[in-house]
Amino acid sequence: MSLNTWMICGLALYVCFVIYVGFLGAKKIKGLSDFAVAGESMGPIPLGLAFAASFFSAATFMGYVGFCYAWGSTGMWIFLAIFCASTLGFILLAKGVRNSNVELKSISMADWLAKRYNSDVLRGLCSIVFIIQIFYIAGQFSAGGSLLSGMIDGLDYTTAIIGVTIITVLYVTVGGLFADVYTSIGQMCLMIFAGVFVFVSGLMLFKGGLTEVSDILAAQNPYFVTVTNPGALHMYSYATIFGVMFIEFAFAGQPQLLNKIMALKNPKDMSKMIWTWIFASFCCLLVMFGGLYMRAINPSLKVADNAVIEYVKLFHPIISTILSVAIVAALMSTACGLILVITTCISNDLFLKTLVKHGIINMEEEKAERFAYGLTKILPAIIGAISLYLVFNPPPFMGVMVWIGISGVSAATLAPLIFALFLPKIANSKAAIIGAIVGEGVYFYLYLIAHIERSVMAAGAWGVLVSFVVMFVLGNLWKSDLPEAQTQK
């Protein structure tokens, strides 16, 4: 059979799988808590795989591979940033968030922060900030469109992104976090295979292994094998490399990841979840070597993000299909988790616990809860439609687009999260609100308004750092405003 036929069959089987699992998850959903955090009933290994599946999106399997193709081995800093800094962030944040949630019973990151700081203003602020993750979702759909239109003859980009969006919206709407976690197990198995295969296959293609690849890259451009690369968007200086490391640490506190932690049935199983993540993350990150291999094979690709598409075409159609479906799985699992987070933030945190609670919208409690749950069936389609609109014309680097959302959330929320967990004696609600606003403002000004910082990852890191400083100063200044119980923690 031809590659086209294998691709169509492989995608059909995968679509049947995710829809079937979505309907299985639907049987377990009775309300908002089940939709958002699966009723805190999941085991450590499934959640560890789901955490990794949400973490490793098309940004990894296409965007970061594209970075390595465009800028050489300098792009591999992201490998170290994720495997080291993000893992450290996961270890530091996960246990504290889950242990505290035994008492707080939160179903989202905004809800958790609001309860820790006793501030509905912070809940509403975080809910609004999280909507910027639509850029992250849009990047996933763009990657799906580029991949499928590049692999299947006759399928255009627009049709492909519409198809990916419809399937993703359908199974997250029907199955909530149950569907997200269950499909992520199968998706992560595919992603692990893809990462390991890409790495090992390159060692077979080049007789001299990585040494030969490095020699070829150095001949093309000496900066392809140096620590920094002046032509790179994110690794052009030691300062920006620090920014990449820091913002990847912050990424571990993203809301679509923390809701997996909140779903863990037994907090004592956190170490098993972390070890599952460590194994899965290392295997997935190996796919980044595909960008270096493809650069050595063909340095004239017009679109760097297509490097992995061209690389998988070098192999038997069955292997190419498995690798392609693995990338589709990566982008859909992440998009699913993000849609779930934004839906929960709007329906629960913004509508139910901010607008209704404070009488801005006058509605009886029982009716409001039914309406909020009804929103979970409508909002995914709206979020999907907006995301589609953003990428009808594919961006130059989809990895940059997804980081517009990630950096935006981190700049506002990481400092309040860290202070709540590790510096409770100065974790003042007013300081958290002002720190979040200032951090977000710095990020927007540096990257989106004044264009002072060309790296979206570094701009997010500077926003986080400023937010930390503001919270530290104001937290100490207003320490007397804290409740006595909190100052004694």
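Buried residues make up 61% of the 489 residues in this protein, and the model you are looking at is a predicted one. The accessible surface comes to about 17,800 Å², with 69% of that area belonging to carbon and sulfur atoms.

The fold is built with 22 helices and zero strands.

Let's look at two helix pairs. Two packed helices are described by the angle between their axes and the distance between the axes.

| Helix pair | Angle | Axis distance |
|---|---|---|
| H19 (residues 398–422) and H20 (residues 429–449) | roughly 155 degrees | within 6 Å |
| H4 (residues 58–71) and H14 (residues 289–297) | about 40 degrees | 7 Å |

Start with H19 and H20. Angles over 145 degrees count as roughly antiparallel, and H19 and H20 are therefore roughly antiparallel to each other. The crossing of H19 past H20 is right-handed. On the H19 side, the contact residues include Trp-403, Gly-408 and Pro-416, while those from H20 include Gly-439, Glu-440 and Tyr-443. Sorted by class, this contact holds 10 nonpolar residues, three polar and one charged.

Now turn to H4 and H14. Here too the crossing is right-handed. H4 brings Val-65, Cys-68, Tyr-69 and Ala-70 to the contact, and H14 brings Gly-290, Gly-291, Leu-292, Met-294 and Arg-295. Which classes do the residues of the H4 contact with H14 fall into? Six are nonpolar, two are polar and one is charged.

Terms used:
Residues are numbered from 1 along each chain as its sequence is written. This is a predicted model: local features need pLDDT of at least 70, side-chain atom pairs count only at pLDDT 80 or more; totals for chains, interfaces and linings use all residues. Side-chain values use heavy atoms; hydrogens and water are left out. Axes are lines fitted to C-alpha atoms, for helices over the stretch in contact, and angles run from 0 to 180 degrees between N-to-C directions. Helices (H or I, at least four residues) and strands (E, at least two) are DSSP runs, numbered from the N terminus. Angles under 35 degrees count as roughly parallel, over 145 as roughly antiparallel, 65 to 115 as roughly perpendicular and the rest as oblique. A crossing is left-handed if the near helix is turned anticlockwise from the far one by less than a right angle, and right-handed if clockwise. Contact means heavy atoms within 4.5 Å. Ala, Val, Leu, Ile, Met, Phe, Trp, Tyr, Cys and Pro count as nonpolar, Asp, Glu, Lys and Arg as charged, and the others, Gly among them, as polar. Buried means under 20% relative accessible area, exposed over 50%, partly exposed in between (1.4 Å probe, protein chains only). Accessible areas come from the Shrake-Rupley method with a 1.4 Å probe; for residues, only the protein chains shown count as cover.
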